[in-house]
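Here is a friendly briefing to read alongside your model.

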Amino acid sequence: MAHSKQTHKTTCCYCGVGCGIVVQKESDGRLTVEGDKSHPSNQGMLCSKGMNLHYTVMDQSDRLLYPQMRMNRSMPLQRVSWDEALERTAAVFRTFIQKYGPDSVAFYVSGQCLTEEYYLVNKLIKGFIGSNNIDTNSRLCMSSAVVGYKLALGEDSVPVCYDDIEEADVFYVQGANPAWCHPIIWRRIEAHKAANPHVKIITADPRLTDTGRASDLHLPVRPGTDITLNHALGRVLIERGYLDEEFIIGHTDGFTAYREQVMARSLAEAAEICGVDSADIRQAAEWIGRSRGFLSLWTMGMNQSVIGVNKNLSLINLHLITGRIGTPGNGPFSLTGQPNAMGGREVGGLANILPAHRDVTNATHRAEMEKFWNSPVKIASQPGLTATEMFKAMDDDKLKAIWIINTNPLVSMPDVNGVERALKKGRFVVVQDVSSRADTVAMADVVLPAAAWLEKEGTMTNAERRITYLPKVLDAPGEALPDVEIIWRFARKMGFTQEFNYQKASEVYAEYVKTTTGTHIDITGLSHEILKKQRSVQWPYRMDSQEGKSPVKVPRLFADRTFYTPNQRAQIHAVPDGNASELTNEDFPLVLTTGRIRDQWHTMTKTGRVSKLNQHVPEHFLQIHPDDAAARGIKPGQLVTVRGRRGEVRVKAELTTDTRRGVCFLPMHWGKILNSSLGRTNNLTNSLVDPRSKEPDYKFTAVQVVPYQKP
Ligand code: SF4
């Protein structure tokens with residue numbers, strides 16, 4: 001048989017960088033992947049995770065192949081037909097809704113869902129069931145940035161684009177390690193710096209990471225003191241006259257209160273609180289003040305905090321007082337962790353929003369969507385349960401049924417022992433996933449097999465508002481179905497036959513596109529067909545009124561200095577700089593932070609299957625400063641118990657001065673090790689959340705570390 005090859009262009013399904021990938025499919029079924037040189041985000045580059053993506057598709061050993069269910073948890077799961085699984089699920093949902101009301105059910109989805117999937121689940125529960133109980137694991141990584149942008153700029157709008165990297169000459173990386181977690185963005189920064197030696201990189205992080213090591217200045221800020229650091233930078237910028245007064249007067253509100261706030265604390269006092277040398281703060285502010293292009297980049301160290309929104313605002317303030325926004329190389333750039341966290345935000349895939357950045361609390365917005373969807377119910381006027389609230393409500397028997405799609409909360413949620421208890425108590429748990437490696441499958445009453453990356457079509461939006469189309473390249477194994485089809489089949493079983501009468505994902509997308517008419521997202525010029533030709537575009541992408549003309553490209557927002565706030569002025573918020581995390585004490589004297597390692601993704605259900613990726617860091621570890629270890633009699637490589645107020649973890653100690661004294665670090669990825677849940681990092685973390693973003697405080701847990709002693 002003649003050898004043949006098919007070539008497809010798609011997008012990486014891991015992080016929010018959204019790299020373009022060329023997939024080659026050989027006639028014998030083998031796949032290869034390489035970076036797409038024509039894709040503007042990655043220009044042919046891929047990181048280790050992207051380069052090994054094909055292995056996760058070709059290894060089908062742990063795929064969920066058929067729907068399964070059981071009538072009670074003491075029984076094993078049994079194979080059933082799609083009709084049986086969905087009819088039973090619909091019957092259970094209907095019963096709970098009739099008996100306890102629409103808020104007795106919930107969907108917990110994922111930043112890895114495609115935009116069409118997100119849109120349809122959102123439409124079903126908000127517009128047809130009548131509850132706002134849909135939230136996403138993106139709540140756990142970027143909701144503080146969403147609220148920060150909204151409060152400062154008027155809407156959840158990332159104002160910059162990746163091409164700003166090559167325009168900037170000062171990068172301020174705060175609470176992020178792009179060298180490991182957003183590697184292609186980092187490579188662009190490194191290449192830019194190599195070609196332009198005057199470019200400066202400042203990194204603020206309690207740990208010295210690969211990003212910090214490659215920076216011109218590492219500010220080893222104490223956990224919980226990022227706002228104090230940013231206020232100190234603001235103070236120096238004011239003192240040194242690096243303000244853009246014309247911009248402040250013409251386009252912002254709140255500067256006077258901000259100036260009072262940051263001037264109230266001396267630089268020496270701020271430096272003492274942050275644990276950072278005041279000369280280094282002064283140096284960082286000088287570089288920022290003198291820069292032509294000032295780009296700030298942040299992720300979880302800022303967002304995953306009980307004061308995450310205020311942290312975001314304190315950073316955005318630095319751009320507003322210097323006028324460094326809306327021009328090439330300037331702007332606050334929140335990097336999204338997941339591939340479609342941004343797309344989920346756009347279609348309203350959070351408990352408090354509706355499509356195209358509408359709000360559930362806004363009566364006009366609700367009325368628009370009720371009319372658009374022809375909803376048989378009123379959209380609820382209050383936000384639904386957010387991620388942590390869902391599991392608490394299930395534990396309290398207020399939430400009766402939860403449907404979990406493409407996420408593994410039994411490893412990833414904070415205070416995960418509480419989540420495990422809730423899922424065990426839950427009356428009805430549906431898990432829709434690709435792989436049986438997802439620990440949460442073991443808790444399910446109904447398991448629905450989903451198509452994986454390359455096995456379904458749809459769209460995603462990356463961190464720079466760039467929308468790409470992902471084609472279907474392979475047939476899904478067994479009876480696995482695209483997630484969007486599972487949802488529309490279920491909706492029809494619930495009786496919504498007309499309104500969910502889709503045949504293709506492109507029809508769902510076309511419907512979503514219409515909801516953006518007249519909004520800031522406006523993508524009315526877009527469709528699957530256009531995306532197939534153009535490969536990727538940034539929003540907005542408006543239908544041009546003049547026939548034959550392409551929509552105007554908008555690489556960066558606010559170029560005209562008009563913001564999305566009611567008075568069109570950006571808002572400078574004088575936020576307090578105190579922390580509200582749980583307290584350390586004699587019993588729990590160390591601060592634990594958690595995060596990612598270079599070659600693993602989330603709970604390792606995909607990357608953990610690739611031996612090449614497992615070689616980078618083969619086992620779970622705790623980073624602890626040698627002085628803290630010596631004080632506890634801990635030797636390198638020794639097994640230790642990390643104990644907190646909610647649970648413990650058993651793990652090997654790595655002694656390193658890369659972490660501050662008093663601060664230790666655990667990667668987030670590992671769940672069970674040798675079938676013991678004592679490897680699960682989130683046994684320790686707490687469910688405190690930021691009051692506005694509802695994002696958990698993963699970066700600050702009070703713990704003790706002691707040598708492990710056999711019982
Ligand atoms: Fe995929 Fe992110 Fe790596 Fe790009 S940087 S290849 S999107 S994991």
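**A helix with two sides**

Helix α11 carries the exposed residues Thr256 and Glu260 on the face turned away from its buried side. Please keep in mind that this is a predicted model.

**The buried side of α11**

- Helix α11 spans residues 255-263, and its buried residues are Tyr258, Gln261 and Val262.
- Looking down the axis of α11, you will find these buried residues within an arc of 85°, so they line one face of the helix.
- The cover over the buried residues of α11 includes α9 (226-239) and α15 (308-322).

**Around the ligand**

- The ligand is surrounded by 14 residues, and the closest are Cys12, Cys15, Cys19, Cys47 and Gly50.
- Two or more residues of this shell come from each of the elements α1 (48-51) and α7 (183-195).
- Domain 1 (5-58) and domain 3 (143-334) each give at least three residues to the shell.

**Domains and their contact**

- The domain assignment lists domain 1 (5-58), domain 2 (68-139 + 340-502), domain 3 (143-334) and domain 4 (590-707).
- Between domain 2 and domain 3, the C-alpha centres are 36 Å apart.
- Seven residues from domain 2 and eight residues from domain 3 make up the contact between them.

Definitions and conventions. Residues numbered from 1 in each chain as written. Predicted model: local features only at pLDDT ≥ 70, side-chain atom pairs only at ≥ 80, totals over all residues. Domains from an automatic or database assignment. Contact = placed C-beta atoms within 7 Å. Near = placed C-beta within 6 Å. Helix = DSSP H or I, 4+ residues; strand = E, 2+ residues; numbered from the N terminus. Buried ≥ 20, exposed ≤ 12 C-beta atoms within 10 Å, placed from the backbone. Arc of directions from axis to C-beta.
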